[in-house]
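Dear colleague,

Please find the structure below.

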Amino acid sequence: MTNKLKDAPMLVVGAGIMGVGIAQVAAQAGHTVLLFDARDGAAEQAREKLAKTFEGLVAKGKLSADDAAQTLSRIEPIASLDAAAGVRLVVEAIVEKLDAKRGLFQQLEAIIATDCVLASNTSSISVTAIANGLQHPQRLVGMHFFNPVPLMKLVEVVSGLQTAAAVAAAIFDLSKDWGKVPVSARSTPGFIVNRIARPYYAEALALLQEQAAAPAVLDACLRAAGFRMGPCELMDLIGHDTNFSVTQSVFEANFYDKRYVPSLVQRELVDGGLLGRKSGRGFYDYAEGVSAPELETVEPVLLPTAQLLRVYGQGPVADRLAASLVQAGQAFLRVPSSDWVGLGVEGAQLRLTDGRTATQLGVEVAVFDLPLNGASGAALAWAPSLRASSAWTRAAPRWLATLGFKPQRVADAPALVVARTLAMLINEAADAVQQGVCTQDGADAAMKLGVNYPAGPFEWLAQWSTPAVLGVLDALDNHYRGERYRVSPWLRQRPWMDSEAS
């Protein structure tokens, strides 16, 4: 099967951004590509637009004139699907509607050979459902690219219930031939990326609904954790109508599982036409001359000080706090046997979040978020106990600034911002692995390559520790008392798996 597909003539149906990108990548890999679109002249116009894009790349020295000419020569617009009778592979990139996709493939079955592979670029529709009614459903497979296709490396190779293993393997190998990184997935709602990514948006929206923090603060904290864009600015870029629609579809496809419930905050934006960048306003105002919101700044404590300081606990965060104090010439005591991590200042506690709120933990207590960024001045969420004195509420952020952070006060919400977001991403990935949607390595690769995460969920799990993640999730579950934060059974059993492995 693989040898038959390598360099084989193929058909791309749909001359939009995705379809043209797929045609370009295939043609660059040596395929003759027939390009069809139901709109009159759309395929020809798409090829002409691609030619102009190539001209620009050639002018910038990013593509040779010869490579551009050869690639374009392999892309042939066609006016009728009947002209594609001899192709060995079809990749569909049309409107994201089940009836349209199913109807197209049923139409193609009357034209193409029985061993021609059918691939759908669907991002969310069940591959099993698309194949329903086909004469040869075993030859249909999902081949989900990410936009822009020529630049994004990930391809989700999605198998439906009737997809033949040989067909999925052929598309997997072909994706490699095209310079992509394929990841195998089972056809379940959202596949890998669109499923695992939901908490990145959902936790920010939940915090906004609680009025725990402003969008700019949430974005700054998650950018500091290594994400290229914060969730609010990313939703503004995607478009709230699009993001809300995907969330709704995943929610409905999972039989209204509360873990995927859409947000009232986002629905209000959609209802008001505040769709983000494309409408000029979403969480942020994109009108000309409007400046970005400024973050809070806090003056550090002057060191050295005569106050009695203790660094509690072990691990990277405790070591970082100690190193900052040593560098400043500040005397302190280490208490490695502590069951919490943080800084003690004359009896007051500045604690790394374990998922519980500061108010739960005591009186003169403040909690701070999981610091993943080693750079000085990185934004970090913190919150004081509702029972803390005004003196400690003023002092806590100054100590965080002294330790090298840019503290951003948020409401005393469990697990603050970064910790709860990462814990939920890990939890969702764990469920995906348990349900056979993907492997651990597949989940990590998909999230890094598909949505540019700084690490994969299981890489975060290895860095953070399973007991710590379980503690955060259980604290969230205890606080909110709902289905949303239930722990994946796979993750719950992980400590025993780890002990067996060691």
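**The largest cavity**

Helix 10 (215-224) and strand 14 (378-384) each contribute at least two residues to the lining of the largest cavity. Strand 14 provides the largest share of that lining, 4 residues. This is a predicted model, in which local features need pLDDT of at least 70 and side-chain atom pairs count only at pLDDT 80 or more, while totals for chains, interfaces and linings use all residues. Residues are numbered from 1 along each chain as its sequence is written, and side-chain values use heavy atoms, with hydrogens and water left out.

Helices (H or I, at least four residues) and strands (E, at least two) are DSSP runs, numbered from the N terminus. A cavity is a set of points, on a 1 Å grid over the protein atoms alone, where a 1.4 Å probe fits but cannot get out; lining residues have an atom within 4 Å of a point. Grid points are joined across faces, edges and corners, and a volume is the space filled by probe spheres set on the points.

The count comes to 1 cavity of 30 Å³ or more, and the largest cavity has a volume of about 80 Å³. Among the 15 residues lining the largest cavity, L370, P371, L372, A379 and L380 are the closest to its centre. The lining comprises 12 nonpolar (Ala, Val, Leu, Ile, Met, Phe, Trp, Tyr, Cys and Pro), 1 polar (the others, Gly among them) and 2 charged residues (Asp, Glu, Lys and Arg).

With kind regards

Technical notes: 1 Å grid on protein atoms, 1.4 Å probe; cavity = no way out; pocket = protein on both sides within 12 Å on 5 of 7 lines; lining within 4 Å.
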